[in-house]
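Subject: Structure for you to look at

Hello,

Please find the structure below. My notes on what was found in it follow.

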Amino acid sequence: MRLDKFLKVSRLIKRRTAANEACDAGRVSVNGNPAKASLHVKIGDVIEIAFGTKAVKVRVLDIQDTTKKEQAKELFEYL
């Protein structure tokens with residue numbers, strides 16, 4: 001699954017266009033490397049997102065095309 005779609009489906013970022021812009025600005029890294037929105041994420045990847053002064057680091061646990069709001073938290077774990 002593409003990185004921008006995973007960020008939207010997991011609800012780490014609200015909209016896919018916002019996820020795309022964050023990747024283009026260099027605020028998203030996967031496994032320590034800056035990532036483009038088109039990067040394919042796999043289970044076990046570590047994603048780090050910089051939100052201003054705060055950074056969020058998560059590990060991918062599952063990949064699904066769609067999820068309900070309650071199940072979105074099961075796609076990743078905070079590190």
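How many aromatic pairs does a search of the whole structure find? The search finds one. Please keep in mind that this is a predicted model.

The pair consists of F76 and Y78. A pair of aromatic rings is described by the distance of the centres and the angle of the planes. Here the centres are 5.3 Å apart and the planes stand at 90° to each other, an edge-to-face arrangement. An angle over 60 degrees is what counts as edge-to-face. The two residues of the pair can also be described by their accessibility. F76 counts as buried because its relative accessibility is 5%, and the cut-off for buried is under 20%. Y78 counts as exposed, at 53% relative accessibility, and for this the value has to be over 50%.

Five strands form an open sheet with antiparallel pairing, in the order 2-1-3-4-5. Strand 2 (33–34) and strand 5 are the edge strands, since each of them pairs on one side only. Strands of a sheet pair through backbone hydrogen bonds, either parallel or antiparallel.

Strand 4 has a partner in strand 3 (residues 46–51), with six bridges between them in the antiparallel sense. Opposite R59 of strand 4 stands V46. The hairpin of strand 3 and strand 4 has two residues between the strands, and G52 takes a positive phi there, near 65°. Strand 4 also pairs with strand 5 (residues 76–78), again in the antiparallel sense, over three bridges. In strand 5, E77 stands opposite R59, and Y78 is the bridge partner of V58.

V60 also belongs to strand 4, which runs over residues 54–60. Is V60 buried or exposed? V60 is buried, because its relative accessible area is 1% and anything under 20% qualifies. Leaving aside neighbours within four places in sequence, V60 is in contact with F6, K42, I43, G44, D45, I47 and L75. As for E48, V60 is 12 residues from it in sequence and 11 Å from it in space, C-alpha to C-alpha.

Now the helices. Helix 2 covers residues 16–24, and its buried residues are A19, A22 and C23. Why do these three lie on the same side of helix 2? They cover an arc of only 100° around the axis, so they share one side. An α-helix has 3.6 residues a turn, so residues three or four places apart point the same way. T17, E21 and D24 are exposed, on the other side of helix 2. The buried residues pack against helix 1 (3–9) and strand 1 (28–30). After helix 2 comes G26, with a positive phi near 80°.

D4 is buried, with a relative accessible area of 1%. Which side chains does the side chain of D4 reach by a polar contact? One is that of R16, at 3.3 Å. Another is that of N20, also at 3.3 Å. Not counting residues up to four places away in sequence, D4 touches R16, A19, N20 and A37.

Regards

How values were computed
Residues numbered from 1 in each chain as written. Predicted model: local features only at pLDDT ≥ 70, side-chain atom pairs only at ≥ 80, totals over all residues. Heavy atoms only, no water. Buried < 20%, exposed > 50% of the residue type's maximum accessible area, 1.4 Å probe, protein only. Helix = DSSP H or I, 4+ residues; strand = E, 2+ residues; numbered from the N terminus. Arc of directions from axis to C-beta. Contact = heavy atoms within 4.5 Å. Phe/Tyr/Trp six-rings, centres within 6.5 Å; stacked < 30°, edge-to-face > 60°. Polar contact = N/O pair within 3.5 Å; in protein donor to acceptor, adjacent residues only side chain to side chain. Pairing = 2+ DSSP bridges.
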